[in-house]
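Here is a protein to go through by question and answer. Take a look at the model before reading on.

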Amino acid sequence: MQTRLPPFASALLAAAFACVLADSPALASDRTVILMLFDGFSPAYVEKFDTPNLNRMRVEGAFTDRMLPPFPSISLIGSFTIATGCWPKHHGIVTNKFLDPEKGLYDHSIDADWLTGCETLNVAAERQGIQTASLGFVGRFSGTKGDLASIVSPARQWVDYPDDHGRADQVIAELQKPAADRPRLILAYFKGPDAAGHFTGMDSPETKAAVETSDAVVGRVLEAVAAAEGAEDIAVLVTTDHGMKPVEQVVNIARILRRHSIPARAVSTGTTSFLYFEDKSDAVIDDALVTLSTYLELDVYRKEDAPKEWHLGTGPRVGDLIVSAKPPLFIEDIEEWPWFTHFLQYIGPDFLDSSASLKATHGYPSDTPGVEGILYGWGSGIAAGREVPSVRAVDVHPTVMRLLGAEPGEPVDGVVATGLLDGAAAEESHAAGVADSGAGER
Ligand SMILES: [Zn+2]
């Protein structure tokens with residue numbers, strides 16, 4: 001028997017039904033998101049080498065080959081920017097090595113206690129009741145608070161991390177759990193082709209092998225997704241902390257400071273050096289700025305005058321002067337050089353050939369061709385067959401949270417990269433009241 005509903009009730013029912021349809025097949029609140037970060041994965045590698053699984057993601061999903069890292073474009077600042085969706089001036093990890101007036105030297109730590117603000121993906125997700133597995137990801141634990149996710153991989157130090165297939169085993173073990181017991185957010189860090197790119201160059205057989213391993217690992221995870229319970233509700237994002245660029249010379253910053261009697265401590269990594277002065281009077285710092293600005297190989301700024309798009313702020317962790325080497329130069333503190341070269345800080349040249357030690361690196365400002373990375377999406381909530389011009393590293397966090405149907409961390413600087421998402425996932429923004437980035441670069 002048919003029941004006749006009054007017209008307003010039919011309209012209400014139709015609207016409710018349309019809502020359900022719009023959200024199908026996956027409600028964001030049912031979705032599982034896997035974020036895989038491969039260290040130092042340049043988009044150039046997808047062009048140079050055989051990457052069938054990444055190619056599949058490009059065809060079936062949405063991607064950009066211009067994931068723009070923050071400055072300096074190196075691992076810890078990049079990973080924490082992806083994790084928090086905040087600029088370095090807000091999360092506080094302003095490069096891979098810096099001085100903190102109270103805590104002393106920061107050196108590649110992944111301990112969340114170093115953060116000065118913002119929430120990592122795992123903290124924001126767990127706060128909203130979303131179980132998270134953080135496998136080698138920055139900020140997964142804190143020295144004072146312990147583990148910061150429901151599931152945390154055991155190794156605390158980078159040197160103890162598994163190889164990329166070992167990491168994939170951890171991801172796949174989570175995917176093999178029944179959907180009801182599975183963490184809805186899986187964050188996984190992979191060593192990727194970073195070391196091979198640095199020490200053997202971007203075209204070497206070693207880098208080719210590392211890239212093909214990364215791709216094989218992606219393939220294993222995609223297969224595990226297909227076999228998982230609720231496969232249609234799983235999204236996979238593959239990204240990196242930065243790209244890679246060939247280098248030829250190292251800046252002998254200790255020698256340069258000595259030669260000109262500049263009274264500063266240099267803390268250098270990648271392609272930048274932070275210079276900290278004990279005497280912070282304008283006369284001393286400006287004098288050094290004028291001297292160093294005569295080097296055409298270097299860009300030098302007072303932190304107050306640094307380009308706004310660097311977003312480093314003027315806090316005490318940022319050097320009074322920021323020295324940024326231009327390609328193809330890089331800067332590492334002399335303590336990182338082999339011991340038998342340490343005399344070069346006294347009598348060496350200002351710049352040295354580096355071909356015997358380092359073939360490629362990263363750290364340059366994010367508008368430098370080569371430092372951009374990949375960001376590929378595939379699966380539930382991701383647009384199909386779409387290339388997006390660029391996405392900033394700060395936008396990854398809000399995009400992941402959108403896919404989970406949750407709010408981003410508090411506070412957040414990035415916006416949702418709606419260009420990567422399908423219609424329904426992109427729409428959910430309005431309900432969540434989160435600003436959209438569109439696809440473009442700002
Ligand atoms: Zn690197």
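Q: Which residue stands opposite Ile186 in E9?
A: This is a predicted model, in which local features need pLDDT of at least 70, side-chain atom pairs count only at pLDDT 80 or more, and totals for chains, interfaces and linings use all residues. Residues are numbered from 1 along each chain as its sequence is written. Strand E1 (residues 32-38) runs parallel to E9, joined by 6 bridges; strands (E, at least two residues) and helices (H or I, at least four) are DSSP runs numbered from the N terminus, and two strands pair if DSSP finds at least two bridges between them. The residue opposite Ile186 is Ile34.

Q: Which residue stands opposite Ala188 in E9?
A: E9 also pairs with strand E5 (residues 132-135), in the parallel sense and over 4 bridges. Opposite Ala188 stands Leu135.

Q: How many residues of strand E9 are buried?
A: A residue is buried if 20 or more other C-beta atoms lie within 10 Å of its own, exposed if 12 or fewer, and partly exposed in between, with C-beta atoms placed from the backbone. In a regular strand, side chains alternate between the two faces of the sheet. In E9, Leu185, Leu187 and Tyr189 point one way, Ile186, Ala188 and Phe190 point the other way, and all are buried. For E9 (residues 185-190) the count is 6 of 6.

Q: Why do the buried residues of H3 line one face of the helix?
A: The buried residues of helix H3 (residues 52-60) are Asn53, Leu54 and Met57. Seen down the axis of H3, they line one face because they fall within a limited arc, taken from the directions from the helix axis to the C-beta atoms. An α-helix has 3.6 residues a turn, so residues three or four places apart point the same way. The arc for H3 is 100°.

Q: Which exposed residues does H3 carry on the face turned away from its buried side?
A: The buried residues of H3 have cover from elements including helix H2 (44-48), strand E2 (62-68), helix H9 (205-227), strand E10 (234-239) and strand E20 (373-379). The face turned away from the buried side carries the exposed residues Pro52 and Val59.

Q: Is Cys118 buried or exposed?
A: Cys118 is not a glycine, yet has a positive phi of about 75°. Its place is the loop between E4 and H6. With 26 other C-beta atoms within 10 Å, Cys118 is buried.

Q: What is the phi of His108?
A: His108 lies in the loop between strand E4 (104-107) and helix H6 (121-127). With 14 C-beta neighbours inside 10 Å, His108 counts as partly exposed. His108 is not a glycine, but its phi is positive, about 60°.

Q: Which residues is Val412 in contact with, leaving aside its neighbours within four places in sequence?
A: Val412 is in the loop between H13 and H14. Val412 is buried, with 23 other C-beta atoms within 10 Å. His397 is 15 residues away along the chain, and the two C-alpha atoms are separated by 8.6 Å. Two residues are in contact if their C-beta atoms, placed from the backbone, lie within 7 Å; for Val412 these are Gly85, Cys86, His397 and Pro398.

Q: Which strand gives the largest share of the side of domain 1 that touches domain 2?
A: The domain assignment (automatic or from a database) gives domain 1 (28-246 + 366-437) and domain 2 (249-354). The contact takes 19 residues from domain 1 and 17 residues from domain 2. On the domain 1 side, helix H5 (88-91), strand E3 (97-100) and strand E11 (245-246) give two or more residues. The largest share, 4 residues, comes from E3.

Q: What is the mean pLDDT of the protein?
A: pLDDT is the predictor's confidence in each residue, from 0 to 100. It stays under 50 over residues 1-25 and over residues 429-442. Across the protein, 91% of residues reach 70 or more, and the mean pLDDT is 92.
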